[in-house]
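Hi there,

Here is the structure I promised to pass on. My notes follow below it.

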Amino acid sequence: MSEIRPYHHGDLRDALIAAGLDLTRAGGPAALTVRAATRRAGVSPNAAYRHFADRAALLQAVRVAIQQRMAAGMGTMDQEADTTETAIAMLRAVGLGYIRFALTEPGWFSVAFFGEGAAQRAFGDTAWPAPFVALEAALDALVTTASLAPADREGAEWPCFAAVHGFAELALRGPLRGKDTDSLMTLAERTVDTTIAGLLGR
């Protein structure tokens, strides 16, 4: 569970986000209310409005925190690729990390990409979600290592994202639902590897 830090010395915003993480981890976006979050933080509901205009604003802050955790779990944020092999490994880690997070944290994943308003807010005008930024960085690494032509890089994030996001949806809500995690990850590896092979023309 996320650590709930009690409100003191002006850290209420972080405490409410931590409360939101705990609430949504098991219950998804529907579990998050301002009243429930403030109850966990030990303050009155009105106190939340000093930091968040409404529930949607709090949900968006929780969504961003989840996306950052998701990207960190991919293990590529501080990685530099200097060979084709390392660039491909980065892209593979992003794809499998995305799917693995969806399977192990379905509540959080629902908030990040499926929850109410997620499609509009996850890909808003101000910033792209952290997992998508990691995907773009991995694709750029392929160009840097001369593994992918710049012309082929243009727009490549979308079929790659569609492959892993679509697989996650099939596993959580579609015909793959109910399969054990090991079986799903075996299929996920095939999906990611096939996508990379197609991207590189192999």
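Is Tyr98 buried or exposed? Tyr98 is buried, because its relative accessibility is 2% (buried means under 20% relative accessible area, exposed over 50%, partly exposed in between, with a 1.4 Å probe and protein chains only).

Before the rest, some ground rules. This is a predicted model, in which local features need pLDDT of at least 70, side-chain atom pairs count only at pLDDT 80 or more, and totals for chains, interfaces and linings use all residues. Residues are numbered from 1 along each chain as its sequence is written, and side-chain values use heavy atoms, with hydrogens and water left out.

The protein chain has a mean pLDDT of 89 (the predictor's confidence in each residue, from 0 to 100).

Now the rings. The whole structure holds eleven aromatic pairs (Phe, Tyr and Trp rings, using the six-membered ring of Trp, with centres within 6.5 Å; planes under 30 degrees apart are stacked, over 60 edge-to-face, the rest tilted). Tyr98 and Phe161 make an edge-to-face pair, because their centres are 5.7 Å apart and their planes lie at 80 degrees. Phe161 is also buried, with a relative accessible area of 12%. Phe101 and Trp108 are stacked, with centres 6.4 Å apart and planes at 15 degrees; both residues are buried. Ring pairs also join Tyr98 and Phe161 into a cluster with Phe109, Phe113, Trp128, Phe132 and Trp158.

Trp128 counts as partly exposed, at 43% relative accessibility.

Finally, Arg63 is buried at 0% relative accessibility. The C-alpha atoms of Arg63 and Trp108 are 7.9 Å apart, although 45 residues separate them along the chain.

Best wishes
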